[in-house]
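Student: I'd like to go through this one with you, beginning with the strands and then moving on to the charged pairs. Could you set out the terms as we go?

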Amino acid sequence: MDNIRFILIVVFAMLVFMLWQAWQVDYGPKPPVATVTDPNTTNAKEDLPSATGTPAPTETAKQETSAVPSVALPSAKIIKVKTDVLALEIDTQGGTVRNLDLLTYPVEKENTVVIRLREMLGLPASEKNLAPTRLFDSNPDKLFVAQSGLITEGGSTGAASHHTIFNNEKDSYVLEPGQESLTVPLTWTDNSGLVVTKLFTFKRGSYQIGLEQKVQNNSAQPWTGRQYSQLMRVPYQDDKGNTFIRTYSGGVIYTEEEKYQKVDFDDMAEENLNVTIKGGWTAMIQHYFAAAWIPPADQENHFYTKELQNQHYVIGAYSAPVTVPSNSTVQFATQLFAGPKIQPMMENIANGLELTVDYGWLTIIGKPIYWLLNQIYNVVGNWGWAIIGVTLCIKLLFFPLSQASYRSMAKMRKIQPRLKEMQERFADDRPRFNKEMMDLYKREKVNPLGGCLPILIQIPVFISLYWVLVETVEIRQAPFLLWIQDLSAMDPFYVLPVLMGITMKIQQSLNPAPIDPIQAKIMKMFPIVFTIFFLFFPAGLVLYWVVNNTLSIIQQWYITKQINEAK
């Protein structure tokens, strides 16, 4: 019993240490990323998708320029768009979406309690980045953009790709109060009569951007081409750098056949993705936020990835070829999602999009826990109390198992003096000691594994809850009480980690102490070690452990009292 419990604690300590190492890999110092001065022009054509029958990128480039030999090419400009939840830029060179800010999600949040305390103590104000979180970024060091366009098929000319310069009369668009939608049009034409119109549609309160590409063929020849949409970025790096969390950042795809699949940057470097499927979507995700191109569900799409120079990676999809006869019109459509990973919202946008909130192999357990967390929040209106409610519900669910575990520990604690006496009596005869110990277990009806097996059964649920709290964007910057104004950040005064250490020490005192003095000394250090680790954990996670430990102490104390009073 002592050895098994000791092994469990050591394994848990190793998991925490591995978490720290993983955090260093993802968020520790990294070598500088190679950058370019202008991502729109350097190696400009290698980022175009290449479909069967499509001219090579260099040939396509020649066609675009030779199609208008007598017309001066317009210069690109930046169009600013603002809604109630988004502020972004659209580059008229291809209609690329860039510099997209999530207006209701600041990078950091001011803690009013900390501000007042600093003022009282005469300390300088802390420097907080209160700017909105930037998802798409045109900065070469943080490059992340959404590109779209058309590629020609079967010798057709006049492809309006994301390198083509479009026309637009206005420099800015604003969704005014009372206005429910906003449309931004871009147009391009060549000297043969082909007209391409790109329409971006924004809606109030929505992180979806509708894109419609209309091809009007006024030429004498049929035009054949495909629509493509892709995301290009450099590997994601968290500027905040103080989150003791490891989460996945990179590409993902979803298909009805294969479901949710990660395609990280190493995968893109090793092999280009090459999948043709009906429906689905492609995305780039990071902690709390995601961007995804979502073509029509009934459309056949070809998913692809590319590794470009300077650590640029592309993931996207293009449609099946469509022929537009002379003097005819066709419309291509797709949707761009760029925003927070709020599961109920994403479920209504596309099938499987909510899976970007990644619980890994424990998704089957994590999703019900998130549902419960959300339901409790809808009642109490506070994510801190919702965490406490979920902790209480899980504790009630496992009450019989915990009761069996604590009863076994209480019985072990009761016979501990006799075990100690036996150990001293048979100090030189280890086999005899083991035999006498097992006989004692049988006489007292004590199962030495009874305290460990119920804990092992509960571990997957606890890990799932951990990932739910880590991945839930609604908890990001959510206030609880008093000084805890951000459940996703560390406790600024370290009160919760200290309370966690105290509750762990109390709980340890209720357990039977190891007979081995070396093990006993090591276990006494665990509350201190874990307190130090938990200093850097988000307050929401520490709150869970404090409440869980407190409930365990109450339950274990009551059961131990019953066992001790029994004759």
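Tutor: Let me begin with pairing, where two strands pair if DSSP finds at least two bridges between them; the strands (E, at least two residues) and helices (H or I, at least four) are themselves DSSP runs, numbered from the N terminus. The model is a predicted one, so local features need pLDDT of at least 70 and side-chain atom pairs count only at pLDDT 80 or more, while totals for chains, interfaces and linings use all residues. Residues are numbered from 1 along each chain as its sequence is written, and side-chain values use heavy atoms, with hydrogens and water left out.

Student: OK, which residue in E15 is the bridge partner of Thr282?

Tutor: That partner is Trp293. The strands concerned are E14 and E15 (residues 289-294), which run antiparallel and are joined by 4 bridges. They form a hairpin with 3 residues between them, and in the turn Tyr288 has a positive phi of about 80°.

Student: And is E14 buried or exposed?

Tutor: Taking buried as under 20% relative accessible area, exposed as over 50% and partly exposed as in between (1.4 Å probe, protein chains only), 5 of the 5 residues of E14 are buried, so the strand is largely enclosed by the rest of the structure. Both faces are covered, with Trp281, Ala283 and Ile285 buried on one side and Thr282 and Met284 buried on the other.

Student: What does E11 pair with, and in which sense?

Tutor: E11 pairs in the antiparallel sense with E14 (residues 281-285) over 5 bridges, and it also pairs in the antiparallel sense with E12 (residues 259-263) over 5 bridges. On the E14 side, Tyr254 stands opposite Trp281, and Gly251 has Met284 as its bridge partner. On the E12 side, Val252 is partnered by Lys262, and a hairpin of 3 residues joins E11 to E12. Strand E11 itself (residues 250-255) is mostly covered, with 6 of its 6 residues buried.

Student: How many salt bridges does the rule give in total?

Tutor: The count comes to 8. Among them is the one between Lys341 and Glu471, with the closest N and O atoms 3.6 Å apart. That pair links distant parts of the chain, since Lys341 is in the loop between strand E19 (328-340) and H5 and Glu471 is in helix H11, 130 residues apart. Both partners are buried, Lys341 at 2% relative accessible area and Glu471 at 4%. As for networks, salt bridges that share partners join Lys80, Glu89 and Arg98 into one, and within it the side chains of Glu89 and Arg98 meet at 2.9 Å, N to O.

Student: Back to Lys341, then: what about Val473, which is in contact with it?

Tutor: Val473 lies in the loop between helix H11 (453-471) and helix H12 (495-510), and at 1% relative accessibility it counts as buried. Leaving aside neighbours within four places in sequence, its contacts (heavy atoms within 4.5 Å) are Tyr105, Tyr288, Phe289, Pro340, Lys341 and Ile342. Tyr288 is also the residue with the positive phi in the E14 to E15 turn. The C-alpha atoms of Val473 and Gln343 are separated by 9.2 Å, although these residues are 130 apart along the chain.

Student: New topic: where is Gln213, and what does its side chain make a polar contact with?

Tutor: Gln213 is in strand E9 (residues 208-217) and is buried, with a relative accessible area of 0%. Its side chain makes a polar contact with the side chain of Gln227 at 3.1 Å, a polar contact being a pair of N or O atoms within 3.5 Å where, within protein, one must be able to donate a hydrogen and the other to accept it, and where residues adjacent in sequence count only if both atoms are side-chain atoms.

Definitions and conventions. Salt bridge = Lys/Arg side-chain N within 4 Å of Asp/Glu carboxyl O.
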